[in-house]
Amino acid sequence: MSRRVVRQSKFRHVFGQAAKADQAYEDIRVSKVTWDSAFCAVNPKFLAIIVEAGGGGAFIVLPLAKTGRVDKNYPLVTGHTGPVLDIDWCPHNDNVIASASDDTTVMVWQIPDYTPVRNITEPVITLEGHSKRVGILSWHPTARNVLLSAGGDNVIIIWNVGTGEVLLSLDDIHPDVIHSVCWNSNGSLLATTCKDKTLRIIDPRKSQVVAERFAAHEGMRPMRAVFTRLGHIFTTGFTRMSQRELGLWDPNNFEEPVALQEMDTSNGVLLPFYDPDSSIVYLCGKGDSSIRYFEITDEPPFVHYLNTFSSKEPQRGMGFMPKRGLDVSKCEIARFYKLHERKCEPIVMTVPRKSDLFQDDLYPDTPGPEPALEADEWLSGQDAEPVLISLKEGYVPPKHREFRVTKRNILDVRPPASPRRSQSASEAPLSQQHTLETLLEEMKALRERVQAQEERITALENMLCELVDGTD
């Protein structure tokens, strides 16, 4: 009698659970724009959701702890003249978020740690370079201030948001609308999908297609692609008969898929959220009421179905928390923020464990908030893996870090200063001047300067009075 061998995996029993009602965010008018982005972005400090707004586009930013009913007059981030189509938090500064809009612009915003009194209307910088609406944003995983945008003009632009400059423009690679763009782990390559049904691997600094596969999925509906930890490409798409399908591809051999699985019949595009630490991919379909998750390994059949989290309400969008924002004491390996029509509901994925100790097999070191490269270094050809941090002691987000834009003078022919130059004490943001002594000395010097100015003002006032008396 043959016994069926069960595959060994620590993620076989991952289960999903919706947060209690008082942990949800209620009374949020989620955007009704027809667009296949996630409509939600989250990091260890804030939750951002694209919302309905009259006379332009807006999104709301809530501190994670601000659960419950959201006041209808809660300040929004407004500045776009058309609907906001995508938002993305900077991986290297939890207070900086980028937004892309139907109005052809990309805006980068600084979000304060305190709740603002009125709408935030002034972005730190507006990036103008697309001729049609901008629907896709993605920050570089390891280089500081490098942001990618893709528009309806079939162009990908890579920006240095620290200076407002275009670093690279890929304008002759895609003949039709771009459906998705994803960086690999060190940001040296891009995987893109396009309406022409072609999956492309691009070296952006050479503006060169390294590999491509036509009709990775044969259906006409949009495809999505993400890089896996091993350098493979995981894709979601549709068959010719409009069945949803997932695939795994080796870019070095695009002829045959590593794996190809049909799933179900539905119109909703499957958004893949991939966690490289566990190599689990979570599939969330817009309009679906479930999240399916699979483990990707190097053993056949390579893409292993784990489980499905099901609920009653369909999802309008989904936010995916970075690993450093999870609760390691509860063996939480993923957290989603599911958008309903009028609320946002956290969904927690957990691996059941009996021990309360830190589970180091579930939490390898993960990318932290420090960039590995400056924008100029990356552009010159350098690559670096993400700077990793341990989650053993839990992760505490740093306090507000100021984001500065330094626009270069186009008339100045001198070479730009080294990107890593040290800042003077008066120039550096306060959050970087750690020592109490330094702060006290600065305050003392400032008081002395103020006192000297006041004495000067008093002397000038006396001189003015004498002059007035003299003319009388």
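Predicted model: local features only at pLDDT ≥ 70, side-chain atom pairs only at ≥ 80, totals over all residues.

User: What volume does the largest cavity have?

Analyst: Its volume is about 100 Å³. Among the 13 residues that line this cavity, Val-61, Tyr-74, Ile-111, Tyr-114 and Pro-116 are the closest to its centre.

User: How many cavities of 30 Å³ or more are there in the whole structure?

Analyst: A search of the whole structure turns up three of them. The second largest cavity holds about 60 Å³ of space.

User: And which residues line the second largest cavity?

Analyst: Its lining includes His-179, Cys-194, Lys-195, Lys-197 and His-217. Gly-219, Met-220, Arg-221, Pro-222 and Met-223 line the second largest cavity too. By type, that lining divides into four nonpolar, three polar and three charged residues.

User: New topic: cysteines. How many disulfides does the count come to?

Analyst: The count comes to zero disulfides. As background, a disulfide is a covalent bond between the sulfur atoms of two cysteines.

User: Take Cys-40, then. How far away is the nearest cysteine sulfur?

Analyst: For Cys-40, the nearest cysteine sulfur belongs to Cys-344 and is 4.9 Å away. A disulfide needs the two sulfur atoms within 2.5 Å, and Cys-40 is in no disulfide.

User: Is Cys-40 buried or exposed?

Analyst: Cys-40 has a relative accessible area of 6%, so it counts as buried; the cut-off for buried is under 20%.

User: What about Cys-284?

Analyst: Cys-284 is in no disulfide either, and the nearest cysteine sulfur, that of Cys-40, is 11 Å away. Cys-284 is buried, because its relative accessibility is 2%.

User: Let's switch to strands. How many of the residues of β26 are buried?

Analyst: Seven of its seven residues are buried, and the strand covers residues 290–296.

User: Which way do the residues of β26 point?

Analyst: Ser-290, Arg-292, Phe-294 and Ile-296 point one way. Ile-291, Tyr-293 and Glu-295 point the other way, and all of these residues are buried.

User: How many bridges join β25 to β26?

Analyst: Five bridges join them, and the two strands run antiparallel. Strand β25 covers residues 280–285, and Leu-283 stands opposite Arg-292 in β26. The hairpin of β25 and β26 has four residues between the strands, where Gly-287 takes a positive phi near 90 degrees.

User: And what joins β26 to β27?

Analyst: Seven bridges join β26 to β27, which is made of residues 303–310, and this pair also runs antiparallel. Here Phe-294 stands opposite Tyr-305 in β27. β26 and β27 form a hairpin with six residues between them, and Phe-302 in the turn has a positive phi of about 75 degrees.

User: Zooming out, how many helices and strands does the protein chain have?

Analyst: The protein chain has two helices and 32 strands. Of its 472 residues, 50% count as buried.

Definitions and conventions: Residues numbered from 1 in each chain as written. Heavy atoms only, no water. 1 Å grid on protein atoms, 1.4 Å probe; cavity = no way out; pocket = protein on both sides within 12 Å on 5 of 7 lines; lining within 4 Å. Points joined across faces, edges and corners; volume = space filled by probe spheres on them. Nonpolar A, V, L, I, M, F, W, Y, C, P; charged D, E, K, R; others polar. Buried < 20%, exposed > 50% of the residue type's maximum accessible area, 1.4 Å probe, protein only. Pairing = 2+ DSSP bridges.
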